[in-house]
Amino acid sequence: MNNTRVWQKLRPYALVLPAMIGILLFVVYPILYLVKLSMFKYNLLNKDKSKFIGADNYTEIFSRGDFYNALLTTVLYTVGVVVITMALSLFIALWLNQNTRFNALVQAGIFTPHIISIVSIALVWMWLMEPNYGLLNFALKAVGLPALPWLQSSSTSLLSIIIVSVWQNVGYYSLLIVAALKNIPQTIYEAAALDNASKFKVFYKITLPMISPQLFFILVIMTIGSFKVFDTVKIMTGGGPNGSTTTLVYYIYEFRTTSIGYASATGVVLMAIITVLTFIYFRLLSNKVHYQ
Amino acid sequence: MAAIEFVNVTQAFEKNVIIKDLNLKIEDGKFTVLVGPSGCGKTTLLRMIAGLDRQTAGSVLIGGEDVTDIAPGQRGVAMVFQNYALYPTMTVRENIEFGLKNNKVSKEERNRLVESISETVGLSPYLNRKPSALSGGQRQRVALARAMVKKPSVFLMDEPLSNLDAKLRAQMRIELIELHKKLGTTFVYVTHDQVEAMSMADTIVLMNQGRIQQEAAPEDIYRQPNNLFAAQFIGVPPMNVGDLGMDGVKFGFRPEGAVLTAERTDSHFGVRGRIVTREMLGSETIYQVKTKQHAFMIKCTEDQFTVDQEVFLGVDASKIFFFRQDEHRIAQDDVRHAAYMAALRGQQHE
């Protein structure tokens with residue numbers, strides 16, 4: 001009798017235990033360890049020579065110009081990718097929402113970049129963006145525009161990386177938005193037609209609010225993802241030229257051997273920035289999002 | 001105020017022809033109910049009036065004007081949808097005034113209209129709520145208010161009561177009749193429920209398989225059905241029908257047209273049968289009586305019999321209908337009518 005009551009109380013905990021072990025081991029412990037590392041001057045060769053230095057790493061971060069540089073690059077990259085991807089995928093989704101046979105084909109095609117490895121994509125784009133023989137410059141010249149140095153100049157390198165990321169993401173997010181659009185009951189549009197609503201008004205007052213949960217989700221997910229960009233940078237530019245594409249995560253990566261403590265501290269700062277940003281999104285936008 | 005007219009209208013979706021060469025006049029200011037089983041084309045007709053679907057051929061006239069190329073919002077029609085189609089992201093007030101805003105009605109006028117309409121339908125306390133926070137009946141009222149506020153010349157309703165519970169439905173039927181009386185505009189109401197059709201309509205347009213079966217006032221359609229379909233669709237329980245055994249003709253009588261007795265009586269048509277089921281509905285009782293050849297539903301105002309009891313069923317000559325092999329009703333002044341009456345009398349007490 002007593003045993004069953006104990007089991008009743010314990011059962012929920014027992015059931016979540018396996019998942020909890022995973023989270024503790026692979027999420028909570030690494031984060032705590034990261035925070036711990038960030039307070040050490042860590043010696044990779046001899047762990048015992050590591051020295052606790054408190055908040056010194058953090059002081060260093062905020063006094064170094066290259067950190068602010070990386071932060072600015074990341075913010076520019078994020079704004080570029082998020083704004084362009086969202087606008088483009090919304091536009092494409094609205095177009096794909098018209099059911100034609102051609103659109104079914106386009107829908108499949110536009111999703112393809114998402115299933116290709118970013119390494120392949122980056123390499124192909126590097127080839128396309130090659131200043132002398134690349135297809136992009138060839139196309140620019142063909143229509144009488146000046147050729148661009150693309151990845152090889154600090155003025156265009158970030159833009160180049162943004163283009164590649166947008167190209168890779170846009171199909172996936174279009175698909176998400178198409179799914180949201182298809183969920184809007186047709187009768188609402190019919191009611192709006194009977195209410196004499198203009199096309200713009202239908203879009204602004206009905207379509208947009210109806211897909212706002214999905215748009216908000218995409219905004220948050222994409223901001224977080226863009227803040228953590230690494231692979232494209234690593235493959236295409238290695239952070240250059242002249243640090244013009246060194247994003248925060250690549251900045252952290254650069255210190256992987258020289259100063260683990262400093263890299264960890266930057267990691268903690270990145271985590272804090274993303275948390276704050278997400279929080280701000282929720283505070284600012286959550287009352288504009290219409291959950292059903 | 002506007003009459004509606006369909007002239008040789010054909011509607012086909014891809015190769016699927018729903019309606020072929022249909023002609024129909026819906027009178028100005030009347031409450032017209034389009035009724036029929038699902039898939040009969042009644043909603044298709046309604047959507048053509050609204051302009052939501054364009055007819056394949058023929059023309060639709062509202063107030064004498066061909067509206068084929070006029071957008072739904074400019075036809076002066078309002079529609080209540082079966083699922084109400086409220087804008088889920090807008091409050092009740094925004095839902096009601098959306099059409100007014102689009103028609104550039106001034107703010108003071110809008111407020112005045114919204115206030116008075118919501119007063120009429122009893123929505124005043126809920127103006128700032130979202131539709132998701134309302135009950136089914138309240139949503140129905142929002143849909144109604146949204147249509148009313150535009151002061152349309154034609155009201156279209158697509159099974160607006162089918163999502164309500166039985167009690168609320170009965171109440172809303174009364175309110176719609178009153179609303180029609182008050183507004184005096186043309187109402188076109190689509191339903192598959194013959195009770196709604198009978199209770200509210202000035203004119204019933206009975207449809208089946210894309211064709212109009214009968215177009216008449218409720219009492220006419222009930223007392224003088226054009227054909228077997230009309231006879232069996234209108235009325236609960238439907239008309240009892242049996243084979244006459246002559247020229248493929250069928251005879252029929254309404255469930256309340258027969259009299260059940262314990263002793264044999266002298267009626268024009270009389271048979272012996274046994275009561276199989278009994279449904280006691282309060283003011284009336286419905287018996288299913290099995291005879292040798294048929295099973296008849298009989299409605300009695302008195303509850304005198306029990307299941308398995310032997311009874312005699314009698315129907316007066318005046319309560320009997322005959323239908324030709326092609327299912328059309330044989331009029332009383334038809335030359336064959338008397339012969340069929342005599343034949344039915346010959347089947348006495350089988």
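**Note on helices and overall build of a predicted model**

1. Helix α7 of chain A, residues 157–182, has 26 residues, and at 1.5 Å a residue these should span 38 Å; the C-alpha atoms at its ends are 38 Å apart, so the two values agree. The model is a predicted one.

2. In chain B, helix α4 covers residues 136–148, which makes 13 residues. From first to last C-alpha α4(B) reaches 18 Å, close to the 18 Å expected at 1.5 Å a residue.

3. Is α4(B) mostly covered or mostly uncovered? Mostly covered: 11 of its 13 residues are buried. Among them are B:Gly137, B:Val142, B:Leu144 and B:Met148, and also B:Arg141 and B:Arg146.

4. The cover over these buried residues of α4(B) includes elements of both chains. Chain A contributes α8 (186–194). From chain B come, among others, the helices α2 (92–102), α3 (107–121) and α5 (166–183), together with the strands β6 (77–80) and β7 (154–158).

5. Chain B as a whole contains 9 helices and 18 strands. Its domain assignment gives domain 1 (4–223) and domain 2 (238–346). The centres of these two domains of chain B, taken over C-alpha atoms, are 38 Å apart.

6. The C-alpha trace of chain B spans about 75 × 45 × 35 Å along its principal axes. Of its 350 residues, 52% count as buried. The accessible surface of chain B is about 16000 Å², and carbon and sulfur atoms account for 46% of this surface.

7. Among contacts in chain B with a separation of 6 or more, 64% join residues 24 or more positions apart.

Conventions: Residues are numbered from 1 along each chain as its sequence is written. Chains are lettered from A and ligands numbered from 1 in the order in which they are written. This is a predicted model: local features need pLDDT of at least 70, side-chain atom pairs count only at pLDDT 80 or more; totals for chains, interfaces and linings use all residues. Side-chain values use heavy atoms; hydrogens and water are left out. Helices (H or I, at least four residues) and strands (E, at least two) are DSSP runs, numbered from the N terminus. The expected span of a helix is 1.5 Å times one less than its number of residues. Buried means under 20% relative accessible area, exposed over 50%, partly exposed in between (1.4 Å probe, protein chains only). Contact means heavy atoms within 4.5 Å. Domain bounds come from an automatic or database domain assignment. Accessible areas come from the Shrake-Rupley method with a 1.4 Å probe; for residues, only the protein chains shown count as cover.
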